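User: Please walk me through reading this model. Start with the annotated domain, then move on to fold and contact.

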Amino acid sequence: MTLALDAPRIVQTRPLLQVQSVSKSYSDVHALRDVSAIAYPGEVLGVVGESGSGKSTLLRMMNLEETPDTGSYTLDLPDVAGNLFELDRFARRMLCATRIGIVYQNPHLGLLMKHSSSGNVAERLLVAGERSFAVLREKATTALEASEFPLERLDAPPIELSGGMQQRVQLAKAIALEPALLLLDEPTTGLDVSVQALVLDTLKRLQQDRQITMVIVSHDLGVIRTLADRVMVMRRGAVVEAGLADQIFQDPQHAYTQQLVHAKL
Amino acid sequence: MPTVLDVNGLSKGFTLHHLAKEIAAFDEISFSVAAGEFLLLKGANGAGKSTLLRTLYRSYLPQAGVIRFHSDHGPIDLARAADVDIAHLRRTEIGFVTQFLTARPRVSAEALVAEPLRLAGVATPEALDRARAALETFGVKPELWPAYPTTFSGGEQQKVNLARTLILPQKLLLLDEPTASLDANARAALVARLAELKAHGTAVIGVFHHPDDVLHLIDRVVDLTPNAIREEVRDDVAF
Amino acid sequence: MKLADLTKPWEALSYGFLDASAKREMRRKMLKSIAVPGCQMPYASREVPMARGWGTGGLQVSLTLVNPRTRVKVIDQGADDSVNAASIRRFIARVAGTPTTMDTLEAGLIQSRHRVPEEILRDDQVLVLQVPNPEPLRSVQPNMSIARQMHADADYGRMWLQLYEQIVRSGRVMQGASYPSLVHGRHVMTPSPIPRWDVPKQHMARHLTILSAGREKRIFAVPPFTRVEPLVFSDVPYKVEDHGDLTCTRSGTRGYFMNEIPQNDGTSAYEVSDSEWGVKTIRAAEDGGETRGETWYKDGKMS
């Protein structure tokens, strides 16, 4: 994400997330081509691109759901070392269950639709080893409250909830364990515009209050503009442009980014 | 006074791919600003005054040239620095006052103004006190302090914006027509605050449509009109 | 010439009905399941002259373990005299020539459906439990391949979640029989559909328990002196059925697991579920001879 690698550096903080030169092909289709991404602690990295640009694949890799053909992935966390793509299934599961939160576009992927909403949040805590019912309940309630979920519906199953509420349950589940990294895959796509604004609002607030490092993937520039500090533009599996959010939106360099930005504005 | 910013051979133009066109904004600009200096950017409409400010702030990427900024961490070329460094400098050393406030949902005016202080490590109660004082200086009514600026009028928003950007003395301050939508009282407060910051050692680069208010603060003028004499001393100001 | 002259008198094809290679496989799988307590081991599950789902898993274990000196007891929901129990007992005796008994204390091998006897089992006894569904994760993960991965990872969050949901919806844990239990701190097993009453009997027991599901072709074991801990929240204690204060209407014994018998007037009468325990109690009352052994529950409380 740097303009010039030899530029003098001021910030000595190490990046929290570092994806390096990731490539992935499915049969003869290049899903990702030499993609790199960095996110510093507390910042929001936005990834934009149209459907099929590889942005969701990249996010799934960050959640260790997929392994690229080449490339590496590191997280600067205590007890986490080396290329995470080399971890075995068990280590991946534990890492994702405790350190990484994810909100999917489709709530069916992230939630047990017929369990209670609080139970969905409690599951994360159970995986992390919490065994007290009272504590589970309290922590699940706190997380749902932080996601601005109406607490009188605490035990309603997600299947009975609206799309916006389902996303809040997903969000509560994702933040229940105070993750180091929060991944958002089109979190507001498919919601009504007014509901979309409310969910974005919640995300923004959470980010301000907790300074969680986030990676948000969306084809919606408005969403990225609202949340992201830095933006990566992807097309056909490759990064076309990356930079500070205001620079990408005000002075896009690449023809594709210009087209994208101008189409929106 | 030590130099804060050294701009050398800075050029910026825009490539409009869909029109296959290049639009030049300014070319080969060089100037420098020292601590406590107030620099006025001058030029006809479209001469690239705002563009230059945004380039210095890195909202725009320059095409050539060096922007040497003497940060607390040592000199750095803003034209080539890493995004994360720019973000850091924007939080700590470089302020930019635009005509618009980026209000955030459900954050009160006072919290918004106090934020730069809190990020700089000031305890929340003290930061809020100072924020309220700043809001008062700019003439924001006390009943609006705990309200959300998203609902404010343009003029009130701009006052909050100024209070926020100017609350923390920074090394370099970029002003893009900050007086545009202000009433007389707020303008006076702004000028007073700028004088204070200048005395404090802040280097200021500003674009003003009507620089009469700040005339007494201006040290030098840079004229961006093509083929104009690039730099003049304060005494030669002629509008 | 009579038909009988042309045929030989009936005899078992091989001792204990199963052929040698089948028994060899059973022995190997039993040893393996004892070596990894609570872990389900797949096995071939041969045909036996009984429909799958009627105790074929337990029967294959029993047929493999017996020798002519093993005294065999078979119970069905606590009763020795149900049709199924009687048939299995007679079949084992016929193909393996074993003596049979109804007395828990006399038995060397006890094949049981859905109960653990009330009298404490010794280290020279083996309890064989028939298991209809060996997979405790089935209710939370219908895909058995994934369920096996979950066992491998000790990923039992979903099991706990199930308990959480029951408490949230009903105010208490609703799981009655087959209460999921953690064996040796590693694998969660279903202890077969025994009531909650019987689960604590497995914990650090002196006897060996082998659980076998013939239809599902899975075998697992609880070796002697192995921890069997029902999954519970640290602040919601494990509860057995409230049978501690009930009295058997037939034998007068009190403080054991009961069968509830609805009466015409809407009330319930109770009979002790472990039928032989009831028989022994009645005999003791009639002739004063005490044949009852020590029980796990004393005065209705697990000791």
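Analyst: In residues 17-261 of chain A, the end C-alpha atoms lie 27 Å apart. The span is 40% helix and 24% strand. Helices (H or I, at least four residues) and strands (E, at least two) are DSSP runs, numbered from the N terminus. This is a predicted model: local features need pLDDT of at least 70, side-chain atom pairs count only at pLDDT 80 or more, and totals for chains, interfaces and linings use all residues. Residues are numbered from 1 along each chain as its sequence is written, while chains are lettered from A and ligands numbered from 1 in the order in which they are written.

User: Which annotation covers residues 17-261 of chain A?

Analyst: The unreviewed UniProt entry gives "domain: ABC transporter". UniProt positions follow the numbering used here, feature names are shortened, and annotations may be inferred rather than shown by experiment.

User: How many helices and strands are in chain B?

Analyst: Chain B has six helices and 10 strands. Its radius of gyration is 18 Å, close to the 18 Å from the globule rule for 239 residues, so chain B is as compact as a globular protein of that length. That radius is taken over C-alpha atoms; the rule is 2.2 Å times the number of residues to the power 0.38.

User: How many residues does the contact take from chain A and from chain C?

Analyst: Two residues are in contact if their C-beta atoms, placed from the backbone, lie within 7 Å. Chain A gives 16 residues and chain C gives 12 residues. Helix 4 of chain A gives the most to the chain A side, with six residues.
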